[in-house]
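Welcome! Please take a moment to look at the sequence and the 3D view before reading on.

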Amino acid sequence: MLGKKLFGTRGIRGPISTKVTPELMLRLGSALAEYVNGGEVVVGWDTRTSGEMLARAFTAGLLSGGCDIVEVGVVPSPCVAFTTKDLGAGAGAMITASHNPPEDNGIVFYRSDGTEFLTEDEVSMERLFFGAGSRTTGWDELGSVRRYDPVTPYLNTIKKMVRVKGGLKVVVDCANGTGSVTTPRLLRELGCKVVTLNAHPDGHFPGRPPEPQPWNLLDLMATVREVDADIGLAHDGDADRIAVVDEQGNFVRPDALLALFAEIAVKRSNGGAVVTSINTSTAIDEVVSRAGGKVYRTGLGDFTEAMLEHHACFAGEPGKLVFLELGPWADGVFCAAKMVELLSSEQRPLSEIISERVPNYPAYFSDFPCPDEMKEEFMREMREYLLAQVDEVQETIELDGLRINRKNGSWILVRVSGTEPKARFAAEGRDEAELERLKNIGLSKIKEILKLQQ
Ligand code: MG
């Protein structure tokens, strides 16, 4: 992490009582003004109760540094990225804690082309933040604020990029987050019949926790069955993510979505690179190589750099998909449009499309408490043990933990979290018996090192 103190794996995030305070935001505003050397900055925020408070402090810092603000208010993160690129602003900033609990908030920055700030940008920002002093301008050089509605141009651009025949029935669960202001409207304008859940902005998140995990989407699954919908869609708090439920009300594996859209992108660009994270299924490799493309893996939260390096035609982590034809940011709203486009062109149930196009290998994911001071030793012991125990090794990937790919396509992954005191373990077998065997190899040693019961 090059010694970053402020930025985590995606922007800055934490409780508003201790970390993401108005004071922090004021200083970040000054630092950003200095970093972009004045000019225009797009500022948006999510539906959290602290959004407006933090936006005002952040804006004050920017104004004092001579930046002009394009204030877009409560909109999805991808809409801020789009607007930054669309208006040619110097930078974009989204005040959000994504799927964290309501008492948290945070901020994500975008470059003028809509790319999330790279590590080098974050390191420079920290240098300015912790440096001698902030940029201050004279009374006659202070910035100004203009309000701007970005939703109409954003949705119009998306609508021009997809072809959807009307008549699909879609249930959308917006988690009371920013997807509420875009996705139901977008789908209606695309001719879908839309049933909404949790689709008014509310920073208390009264409907469900904002993380779109299957156990938080039981209402969505039930509603899809009840109203006999073609598909169910669910956002996280800032709508850069999406989760999907098929026409039977079953949660669709995030890896299957990655594979599906990677295949479409590779076919459209006649081959090309796909960048995905270290914890995703080899089903993606199979689908992509069949379509004539190649998969590159990165650590969690690191795909932006790799995406640029390999000139990827598609990138993503589970739930977070980047459609390069729109721009280099994760976009759950655009993904909603792409989902209904796919259904409308195929004219058959989603479960059928997925089972036909994406292999389904049994997989296991789990995490374990692992104190920060144990992480190094844990990884050293696990590495030594797994390299000795796992046979038929095709390749090992050591970008973010250790992933061992076996010759038959199965794999095992062990890593430690960069943000929480946790170790993570995953395995994927060709069949249940192989999964069980790989799982036991990993779990027995994890329990021994971490001294866990059973
Ligand atoms: Mg998010």
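Here is a short tour of a sheet, the helices on it and a metal site. Keep in mind that the model is predicted. The tour begins with a sheet of four strands, in the order β8-β7-β9-β10, and ends at a magnesium ion with four protein donors, S98, D236, D238 and D240.

**The sheet as a whole**
- The four strands make an open sheet, and their pairing is mixed.
- At the edges you will find β8 (193-197) and β10 (242-245), each of which pairs on one side only.
- On average, neighbouring strands in this sheet are turned by 20 degrees against each other, with direction ignored.

**How the strands pair**
- Start with β7 (residues 169-173), which pairs with β8 in the parallel sense over five bridges; here V171 stands opposite V195 of β8.
- β7 also pairs with β9, again in the parallel sense, this time over four bridges, and V172 stands opposite L233 in β9.
- β9 and β10 run antiparallel and are joined by four bridges; H235 has I242 in β10 as its bridge partner.
- The hairpin of β9 and β10 has six residues between the strands, and in it A239 takes a positive phi near 60 degrees.

**A closer look at β9**
- Why is β9 described as largely enclosed by the rest of the structure? Five of its five residues are buried, so the strand is largely enclosed.
- In a regular strand, side chains alternate between the two faces of the sheet.
- In β9, I231, L233 and H235 point one way, while G232 and A234 point the other way, and all are buried.

**Helices on the sheet**
- Helix α7 (residues 218-226) lies across β7, β8, β9 (231-235) and β10, and it runs at about 160 degrees to β9.
- Helix α11 (residues 332-346) packs on the sheet too, touching β7, β9 and β10, with its direction at about 170 degrees to that of β9.

**The magnesium site**
- Is D236 buried or exposed? D236 is buried, because its relative accessible area is 0%, under the 20% cut-off.
- D240 is buried as well, with a relative accessible area of 2%.

Conventions. Residues numbered from 1 in each chain as written. Predicted model: local features only at pLDDT ≥ 70, side-chain atom pairs only at ≥ 80, totals over all residues. Heavy atoms only, no water. Donors = N, O, S within 2.8 Å, 3.2 Å for Na, K, Ca; no water. Buried < 20%, exposed > 50% of the residue type's maximum accessible area, 1.4 Å probe, protein only. Pairing = 2+ DSSP bridges. Helix = DSSP H or I, 4+ residues; strand = E, 2+ residues; numbered from the N terminus. Axes fitted to C-alpha atoms, helices over the stretch in contact; angles between N-to-C directions. Contact = heavy atoms within 4.5 Å.
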